[in-house]
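Please look over the sequence and the model first, then read the notes below.

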Amino acid sequence: MTTSMPPVSPFGPDPDPALFALAPKVVLHDHLDGGLRPQTVLELAEQVGYTKLPASDGPSLATWFRASADSGSLVRYLETFEHTVGVMQTAGALERVALECAEDLANDGVVYAEVRFAPEQHLEAGLTLDEVVEAVLKGFAEGEALSASAGRPITVRCLVTAMRHAARSREIAELAVRFRDRGVVGFDIAGAEAGYPPTRHLDAFEYMRAHNAPFTIHAGEAFGLPSIHEAISFCGTDRLGHGVRVIDDISLPEDADFTAHDFHGAKLGEIANYVRDKRIPLELCPSSNVQTGAVASIAEHPFNVLARLRFRVTVNTDNRLMSDTSMSKEFAVLAGQFGYGWADFERFTVNAMKSAFIHFDERLAMIDEIIKPGYAVLIG
Ligand SMILES: O=c1[nH]cnc2c1ncn2[C@@H]1O[C@H](CO)[C@@H](O)[C@H]1O
Ligand SMILES: [Zn+2]
């Protein structure tokens with residue numbers, strides 16, 4: 001790979017994330033249990049008697065999460081969730097974490113969020129699946145109300161995730177449908193990818209399809225094209241969680257520079273073409289991918305290749321705590337590396353809003369009334 005002349009960002013080579021806080025942003029891939037405030041983890045641990053935390057003050061705990069997640073392996077990255085899930089076992093804890101999640105996203109300028117978590121991981125203290133979801137939805141609604149009154153309106157919807165190594169996916173799909181009119185807008189599977197192909201959960205996806213309910217699948221992150229193929233062709237996923245390994249089905253010249261402005265010589269294989277032709281949204285999470293070793297560095301992240309080839313790319317945080325990130329930080333990293341300006345970020349944001357699991361008229365209203373006017377001011 002040549003690393004000749006990096007593209008110049010209109011925001012400078014290392015833009016301040018604060019520049020992007022004003023832009024209306026949409027996040028489709030953000031884990032509730034990956035986004036806690038470090039101080040909240042400490043306080044909840046104290047309240048519920050959780051004694052296994054690896055640090056005893058906020059800054060050290062934040063550093064521990066970031067450093068441990070920076071592991072080069074999805075499996076090791078996922079081990080850090082033991083401590084967040086560990087303190088999220090009561091209705092009060094779930095409600096607080098959800099409320100703070102909505103507030104933190106709104107304070108970062110996110111106007112629409114789909115936040116996911118796995119209800120089956122929050123039953124240790126005796127809550128039922130329904131009680132877990134009710135507590136989280138209550139927290140989101142409270143966070144929305146507080147943010148609106150602070151002049152930072154946000155809409156937060158929920159995706160319920162099933163863990164791919166477990167055997168509860170059909171039950172979780174039923175949970176998603178049961179709560180579909182109360183704030184749950186879709187279903188997902190997550191967890192270690194290698195060894196747990198999407199087709200293992202076919203009955204859950206069939207249930208969702210039978211109920212005309214949308215879902216996304218973590219695929220093409222730690223494992224490559226076969227996972228993406230199963231997710232789209234056998235399971236019929238509406239979006240790809242990550243999907244970044246679709247790059248393996250695109251041939252580029254030997255010396256291709258991933259930061260370039262065009263990729264005219266690119267040849268797409270059958271899967272890459274299908275994903276692009278069908279406008280299957282890619283929930284890309286740049287910083288997370290570097291931490292898990294799915295990609296070597298931001299400069300070598302396929303985001304730019306996929307964006308320039310006009311795949312339906314969206315920018316996401318994945319886990320704000322583990323990656324010490326936010327939507328503004330992800331925008332800043334992408335701007336610095338690939339030279340994007342406001343028009344690019346507007347496109348990625350509209351891509352995300354078009355791909356959301358709320359109804360078409362609601363998506364359109366967000367685009368016409370909030371996103372486009374917001375970027376019009378910035379573009380000037
Ligand atoms: O990037 C990821 N890939 C796969 N699984 C993930 C990722 N981030 C989080 N989780 C898993 O999803 C669960 C529910 O939120 C988390 O507990 C974590 O195990
Ligand atoms: Zn994820």
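Is E283 buried or exposed? With a relative accessibility of 0%, E283 counts as buried (buried means under 20% relative accessible area, exposed over 50% and partly exposed in between, with a 1.4 Å probe and protein chains only). This is a predicted model, in which local features need pLDDT of at least 70, side-chain atom pairs count only at pLDDT 80 or more, and totals for chains, interfaces and linings use all residues. Residues are numbered from 1 along each chain as its sequence is written, chains are lettered from A and ligands numbered from 1 in the order in which they are written, and side-chain values use heavy atoms, with hydrogens and water left out.

**Salt bridges**

- The whole structure holds 19 salt bridges, a salt bridge being a side-chain nitrogen of Lys or Arg within 4 Å of a carboxyl oxygen of Asp or Glu.
- E283 and R239 form a salt bridge, at 2.6 Å from N to O. This pair links distant parts of the chain, with E283 in strand 9 (residues 282-284) and R239 in strand 6 (residues 239-242), 44 residues apart. Helices (H or I, at least four residues) and strands (E, at least two) are DSSP runs, numbered from the N terminus.
- R239 counts as buried, at 1% relative accessibility.
- R37, E43, R96, E100, E103 and D104 are joined into one network by salt bridges that share partners.
- K138 and E95 form another salt bridge, in which the closest N and O atoms are 3.5 Å apart. The two residues are 43 residues apart and link distant parts of the chain: K138 belongs to helix 6 (residues 129-149) and E95 to helix 5 (residues 91-107).
- K138 is partly exposed, with a relative accessible area of 45%, whereas E95 counts as buried at 19% relative accessibility.
- R170 and E174 also meet in a salt bridge, at 2.8 Å from N to O. Both residues lie in helix 7 (residues 169-178), four residues apart, which is about one turn of the helix.
- E174 counts as partly exposed at 25% relative accessibility, and R170 counts as partly exposed at 37%.

- H29 and H31 are both buried.

**Helix packing**

- The axes of helix 7 and helix 8 (residues 202-210) come within 7 Å and cross at roughly 20°. Axes are lines fitted to C-alpha atoms, for helices over the stretch in contact, and angles run from 0 to 180 degrees between N-to-C directions.
- Helix 7 and helix 8 are therefore roughly parallel to each other (angles under 35 degrees count as roughly parallel).

**A residue in helix 6**

- A145 is in helix 6 and is partly exposed, with a relative accessible area of 46%.
- A145 and L99 are 46 residues apart in sequence, and their C-alpha atoms are 9.5 Å apart in space.

Note on methods:
Angles under 35 degrees count as roughly parallel, over 145 as roughly antiparallel, 65 to 115 as roughly perpendicular and the rest as oblique.
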